[in-house]
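This report describes a model with attention to strand pairing, nonpolar cores, domains and the chain contact. The sequence and structure come first.

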Amino acid sequence: MKRSIFSIIAIFSLALSVWATGEGKIEVPLRFDRYYNYEEVVKAMEVLHAAYPHLTQLESLGESEEGRKIYVLKINNSKTGAELEKPGVWVDGNIHGNEIQAGEVCLYYANMLLTKYGTNEKITKVVDRNVHYIVPVVNVDGRAHFFEDAHTPSSSRSIRVPKDDDNDGLFDEDAPDDLDGDRNICQMRIKDPNGAYKADPEDPRILVRVKPGEKGEYTLLGSEGIDNDGDGRFNEDAEGYLDPNRNWGYHWMPPYVQRGAGNFPLSGVGLKATNDYVAKHPNIIMNFAFHNSGGMWLRVPSEKSIQIPASDIASYDVIGKEAIKITPGYVYMPSHDLYPTYGDTDGQFFFVFGSYALVGELFQNETQTYSEAKKTPATGEQAQGGRDNRNEQEREQLKFSDNVTQGELYKDWKPFKHPVYGDIEIGGWVKMSSRLPHPFMLPELVHRNASVVLLAADNTPEISMEVFEVKNMGKDLHKVRVRLKNEKGLASMTAQAVKDKLYSIDHLKVTGGKVIAGGKISNYRLDQVSYKEVKPEIQFFAMPGNSIAEYEFIIEGKGKVNFDYISTKAKNVNTSVTL
Amino acid sequence: MHKKLFYLLLSVCLLYPGRHLTAQTAASFEKYHTPSEVQQLLTQLSGLANTKLHQIAVSPGRASVSVLEIGTNLDDAPAVFVGANFEGNVPLATEGALYLAQMLLDSTQYTQNLKWYIMPQPNPDASKDYFAVIKTGAATNLYPVNNDADEATGEDGPEDLNGDGLITQMRVKDPEGEYVVSSNDPRILEKADANIGERGIYKLYTEGIDNDKDGAYNEDGTGGINVGIAFPHLFPYNNAEAGRYSGETPEVYGILRFIFDRPEIAMVYTLGTSNFCLVPPKGGRKGGANLQSIRIPGRYARMLNADPSKTYTMDEVMAIIKEQMPGAELTPSMVAGMLGLGAAVNPLEEDLVFYNALSDDYKEYLKSKNFSTETLDPTPAKDGSFELWAYYHLGVPSFSMNLFSVPKIKEEKAEKGDVLSTDEVEKMSSEDFIAVGQEKINGFLKANNAPEKLNAERIIKMMEGGDFTPKQMVEMLKKSPKKEKEGKPSEKDKTLLAYSDKELGGKGFVNWSKVDHPTLGEVEVGGFAPYIETTPKAELIDSLAKTQLPWLLQLTRQIPKIAIESEKITDLGAGIYKLEIVVANNGKLPYPISIGVRNSQPAPVVLILAGEIELLEGKKRTPIGPIGANQVKKFTWLVKADRNQKVTASLESAVFTDVVKQFNIGG
């Protein structure tokens, strides 16, 4: 019975949500002064694909727990080469179901690449040189529910794998409830002369703690809801919880070590499908995973116990140090400086797939409006986000909601008859607040962040090669010298991948003549070469970012000799010389 | 003859499938079954009543991983999961699982209230090796792995140069060689010790050629991933044979999903190379969460008004948090998670209590069967193994068994003073042990690699003082790391050679013989044969299984039995009653075991009241929480009810069979 009520509500709210977000036709170029629900994201990808059929492919990489398709929009100009030959750039978003603007960043980036292809030189080059895999929504169920159902700004984050959070034998049975039917989960408060809170004298919507001995006015009752399972607790077993960014394989830890890990690595079926899709695209060398919020660019590692090679940090810095200028206010740091995590996406991409993984934490709520703290240097408790500072911030945020968004971000407290508590009030920040920019601010956010992706794509390795010296050593013996250049900022292979032997190490292969000796020219001026002891015709080495490497081969024979530089992620190049 | 009978029986079964069939598909256990025979056998067994075959994964080599369910008629019963031969190179374990299935199908004694899931062959790719023309002993499947990260995958595996069907070793005289022939046994090579004036003569390689001509020998053979070390507890990231992460290979992923889809699994058995029945999971690992010595990270310490430089016990931390957050519902597990204390890496003390007690029982059991344990020690469970994962992540009792260890061949008794065996000493009283005299005690200590500080004099003193018993000493010696001088022929090598010579007619060791090698010139091929340690002659399968496996059946009696012991109703007047229900665990194991409490993985047992009553105090659904072996827990409600109301109390869980009891209130 309970279930059928649920499904009726679901159907009703689905209808409502179509009406609510029906903000006009979805067409190319896409609009970014609005948010797209799951169906609309799919529609947006479809219209992009329809408008640029020769540059795009739209495929479903798999299905979620609730059977929604996870779409990837592939952007590849087949005229400039086959997909797997080109450095791949993976851009995903919204792996946490509530972090929806991440999806818009992905859509914007796709829209930017396609609509400006052929007119903007930089974009044209990137589209022609790279292949892009764009997955605007990884947690498709999470996004769908975030739009359809009542939520807080932070709920609907989970993968829809039920978990018995309160260990009572029932699964997901006590989520918050939308008591006033406004599609937001706000806060509940009750008038209470013995309460620990009172209204802020400057803005009565804000509750402040009473000082010792002071008379209280309110008790805070937590998120909107009832005690669905009658255990005396409210809202303690909501959807999931399986955190899709703690469920990946590399350095995964079980849920008792880290909440939300899921029972085993990649237990989320959509995540498993995503992982398997990436595994089939070994050309991916750069990947972005967009989240909200806080304004951060996070690189691996996510645990202090793990070290990565210095040269990989140098590659990351090429992107990270510019990214913070493109997105003013953001910080760039290793992920563990935020907090340590196990089994996150970027660990899997970097340590398993050998890709430079960056997480973009979109949007800084506190910077959208005036802040006294920014004017006057903070001291003491204020510097640590102390109480006074927080109240001051919230006052300004409320003014921002009132004056800039015409009150759309906050619901004033309104009386409600609660089945258990009786007369209470419901109010507070709405679902589409706090972690999300108001739609009027969205265009700038998506553009700046997409520009960081473009910067990274433009920095994926590009190798060139030339024969720069041929010397006859008598008879049919020649000394041939080859120079390779990577003029981009990212290495052709991470040093970590070389170290861990993740896949075939990039190599220079000589065919067509017998290579008697060969090796790296360690000092050209002193004519010093480190010859490789065995199999000199294949030299294994990756090309660091912005680097030059010179190799020498002593070759016996006549005719055409070929030099091939073969890389899994960078585009292969070849040259030849006739002896 | 047996074989014919077997096929006859099979065909009878195929002709008359269905419910009337009893377990007459008797498999014969006089040979090792090939992977495809195992699969066929499983398919046949699944034709019997109350059985079902689950295909849970397909290996990279396109072979099925199957689980035989016995007890499909039970829909609300606890289950035992049995996995065998995860490394694929222990064919005896696979036979053991089939044997166990056969025992369960032959008698209903252990299937009436208990469901079984039996997985004899989780690593079918590697399992083929034992039956191959050339045996390597490898544990890896056919997952493509480019071990040397060159331009080709799987291009430089070993070769059988001497044509004996076995991959062993090559020794080559080389000025840079590190090895010399052991003075104890010329078959064994040991590392040269420059300190005593030795200089190496030989280089050692695995048998084969340098197929890819890169100067390295056999560094990139076919595959793959070893299923037996690829589970998520202590996943060995530094071991390429584990893959890059747990669940990368489909066998492991399929097994993890299958088991987590079945919360009724209350106990897990592993047949392989470790033996938790005899030797409890080992402890002493550093770096894990120690809940008795907790440092509170700075940011929490500030919040909680605690000292980040001090260590606290869990109880102290709980008290501190409760002081700051009155009314918060806390468990040690929650606190450990919040403070980021990390994973448990050592078996919990409370769990070692039952492991040790049951180990004693098992020794008694083996003694009653006249089964000798004078063998090489079972291998400790490996990092990333299934049996460790079952304990640490599923939180259920995990018992493993190696059905065979190489027997220690009795050495000719030394003339002066025999060396006492650990088994003998263990049973001695302190007085008897002291009475054997210092010389013999020192001999015993030396034979068991006792630390130098531990001499007879000291031990006698301790035993006289009454704070050390021979049994404790043996346990300590067994736990202490075996000191083995690098490169010297170990006790193990000696035992293996003696076993090979006396039991296998020398076939356990391939004598060094000259072979002309294309790049190394003259080499000698030889060394221990693969499988010598794990795989006895096929004629022993039946007796090994018959003697040891019944213990695993008996162990299921330890599974907790949670019952409503009694109820008491006190009339407080005016239609108000006090209801007390006593719940008991009549099993010999706590529920959950300690690690299960820590990881909150086993499903809760919930006491549910139903009836036309109003609860003034207490809840309709009450999770009973952890309950010890042979323990009771009392739950109390204050109830308002009309006279003579029927009340139903039930104990429900996803693990155990539900218990329902009805009684009247006010009647």
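In this predicted model, R62(B) takes a positive phi near 65 degrees within the hairpin of β1(B) and β2(B), where five residues lie between the strands. Strand β1 of chain B covers residues 51-58 and strand β2 of chain B covers residues 64-70; the two pair in the antiparallel sense over seven bridges. One of the bridge pairs joins H54(B) to V67(B) in β2(B).

**Nonpolar cores**

The largest nonpolar core has 249 residues, and the members that touch the most others are C106(A), Y109(A), A110(A), I134(A), V82(B), A101(B) and I118(B). Helix α3 of chain A, residues 101-115, gives the most to this core, with 10 residues. On the chain B side, A101(B) touches L45(B), L68(B), I70(B) and I118(B), when residues up to four places away in sequence are not counted.

**Domains of chain A**

Chain A is divided into three segments of assignment, domain 1, domain 2 and domain 3, with the bounds tabulated here.

| Domain of chain A | Residues |
|---|---|
| Domain 1 | 2-147 + 243-363 + 438-458 |
| Domain 2 | 165-238 + 382-429 |
| Domain 3 | 463-578 |

Taken over C-alpha atoms, the centres of domain 1 of chain A and domain 3 of chain A are separated by 36 Å. In the contact between them, 17 residues of domain 1 of chain A meet 18 residues of domain 3 of chain A. Which elements each supply at least two residues of the domain 1 side? They are β9 (284-292), α7 (310-326) and α8 (345-352) of chain A. Of the elements on that side, α7(A) gives the most, with four residues. By class, the side of domain 1 of chain A that touches domain 3 of chain A has 10 nonpolar, four polar and three charged residues.

**Contact between the chains**

The contact of the two chains takes 30 residues from chain A and 33 residues from chain B. On the side of chain B that touches chain A, two or more residues come from each of α5 (250-260), α8 (332-338), α18 (594-599) and β19 (621-623) of chain B. By class, this side of chain B has 10 nonpolar, 12 polar and 11 charged residues.

Notes
Residues numbered from 1 in each chain as written. Chains lettered and ligands numbered in written order. Predicted model: local features only at pLDDT ≥ 70, side-chain atom pairs only at ≥ 80, totals over all residues. Contact = placed C-beta atoms within 7 Å. Nonpolar A, V, L, I, M, F, W, Y, C, P; charged D, E, K, R; others polar. Pairing = 2+ DSSP bridges. Core = buried A, V, L, I, M, F, W, Y, C linked by C-beta atoms within 7 Å. Buried ≥ 20, exposed ≤ 12 C-beta atoms within 10 Å, placed from the backbone. Domains from an automatic or database assignment.
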